[in-house]
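Dear colleague,

Please find below the structure that I am handing over to you, followed by an account of what was found in it.

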Amino acid sequence: MKVLKFGGTSVGSVNSILSVKKIVEAIEEPVIVVVSALGGITDKLLATSTMASKGDLAYEKELSEIIARHLDVIEGVIEDKEVRMDVQKKVMALLDELSNIFKGVYLINDLSAKTSDTIVSYGERLSSLIVSNVIKDAKLFDSRKYIKTVKQFNKHIVDFDLTNKLIKETFSPLPKVSLVPGFISSSTETGEVTNLGRGGSDYTASILATALGANTLEIWTDVDGFMTADPRVISSAYVIDRLTFTEAMELCNFGAKVIYPPTIYPVYHKNIPIRILNTFNPTAPGTYISKERVKEEGKAIIKGISSINDTCLITVQGLGMVGVIGVNYRIFKTLAKNGISVFMVSQASSENNTTFAVRNADADLAVQVLNDEFALERAQGDMNDTVAEKDLATVAIVGENMKRTPGIAGKLF
């Protein structure tokens, strides 16, 4: 069996949903199809939530557009009148629930994380309901029942032991086509709706592929695969035919938005290959990602170049750091305790400073907690105040074959 994930652009219009139908129905083996919300709907749900929480009655206009978008799609993709009416009825029931939640947010002028998670879950619940009635023999499953999360550092982390057990129970026996909403999960402790983060539909597909031992995970999107660079910046960029898991992870971490980075981790351990394919150009070979590192003659040593714009460099400095054991331990323990992710680290050879990169959004909190952690050393003059340089960019060149090849760094600089 294989798992296929279709992103928002792949289910964003009548024509794209009909393309999804054609792709899935042409596959003979059992498949699990994971779908995102209709293109742009998640952003619209979040924006509408914010408007309602501020007491802005214009949220009703945004909600009307969300309702009209889904009803228009149903009208275009479901030919059978009886089936269409049944789907419209079920979709309107969900949209009525959503409308009532928005009204509550508007009346009390408050939007909690729990309410926000519930609101955005409707995007995938609606799209999966519609697509399950378009694809022949598709059976709809509710991912809240078997993808379970626990809370760590104010984030929802997958409870893999329970999730894997529930997935195996849910998909036994395996239908010809299983239709699953991506992104959505529920709390192990409370049963409340949670989610796997933006891009979480990729992660849902990876979790399912790993738990059920799929032979391939296919990520269907609106590009032909990973590119050697951002084609909006480098016009001569071209599709990379093969990547290792490590190379794909590096490109994703440093800005390539082809797949959500956590997607790679589960399938890597089971050595389940990933294929990146284009819903709008299904005959294109795409990018194949696996453990195997292929060194082909005449092929470039560097696989790709990617970048992150919203980088902040934070420096912890002071002569009192030199020769003192445990300073870096305290720095990174403090950051971890506050849920701040670090994606690059540099330390001066003299040990008098440590610099690391975080996202701009985490910069102020990082400075605050580190100044608190080293308050005594700063008061004694052993260490300086923590310094943050915001709005920088990180550029990364990626390729496993760069190892033990002299001159690459020199050429880069």
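In what follows, two residues touch, or are in contact, when heavy atoms lie within 4.5 Å. The model is a predicted one, in which local features need pLDDT of at least 70 and side-chain atom pairs count only at pLDDT 80 or more, whereas totals for chains, interfaces and linings use all residues. Residues are numbered from 1 along each chain as its sequence is written, and side-chain values use heavy atoms, with hydrogens and water left out.

I begin with Thr355. This residue sits in strand β15 (residues 353-359); helices (H or I, at least four residues) and strands (E, at least two) are DSSP runs, numbered from the N terminus. Thr355 counts as buried because its relative accessibility is 16%, where buried means under 20% relative accessible area, exposed over 50%, and partly exposed in between (1.4 Å probe, protein chains only). Leaving aside residues up to four places away in sequence, Thr355 touches Leu313, Ile314, Thr315, Met344, Val345 and Ser346. With Thr315, the side chain of Thr355 makes a side-chain polar contact of 3.1 Å. A polar contact is a pair of N or O atoms within 3.5 Å; within protein, one must be able to donate a hydrogen and the other to accept it, and residues adjacent in sequence count only if both atoms are side-chain atoms.

Next comes Asp224, found in the loop between β9 (216-221) and β10 (242-244). Asp224 has a relative accessible area of 26% and is therefore partly exposed. Its side chain is joined by polar contacts to those of Asn278, at 2.8 Å, and Asn281, at 3.3 Å. Asp224 and Asn281 are 57 residues apart along the chain, yet their C-alpha atoms are separated by 7.3 Å.

In soluble globular proteins, nonpolar side chains tend to be buried together.

Some backbone features also deserve mention. Ser172 and Pro173 are joined by a cis peptide bond, with omega about 0°, and Pro173 belongs to the loop between α6 (160-170) and β6. Asn109 lies in the loop between α4 and α5 and, at 44% relative accessibility, counts as partly exposed. Phe183 lies in the loop between β6 and β7 (184-187) and is buried, with a relative accessible area of 6%.

A colleague
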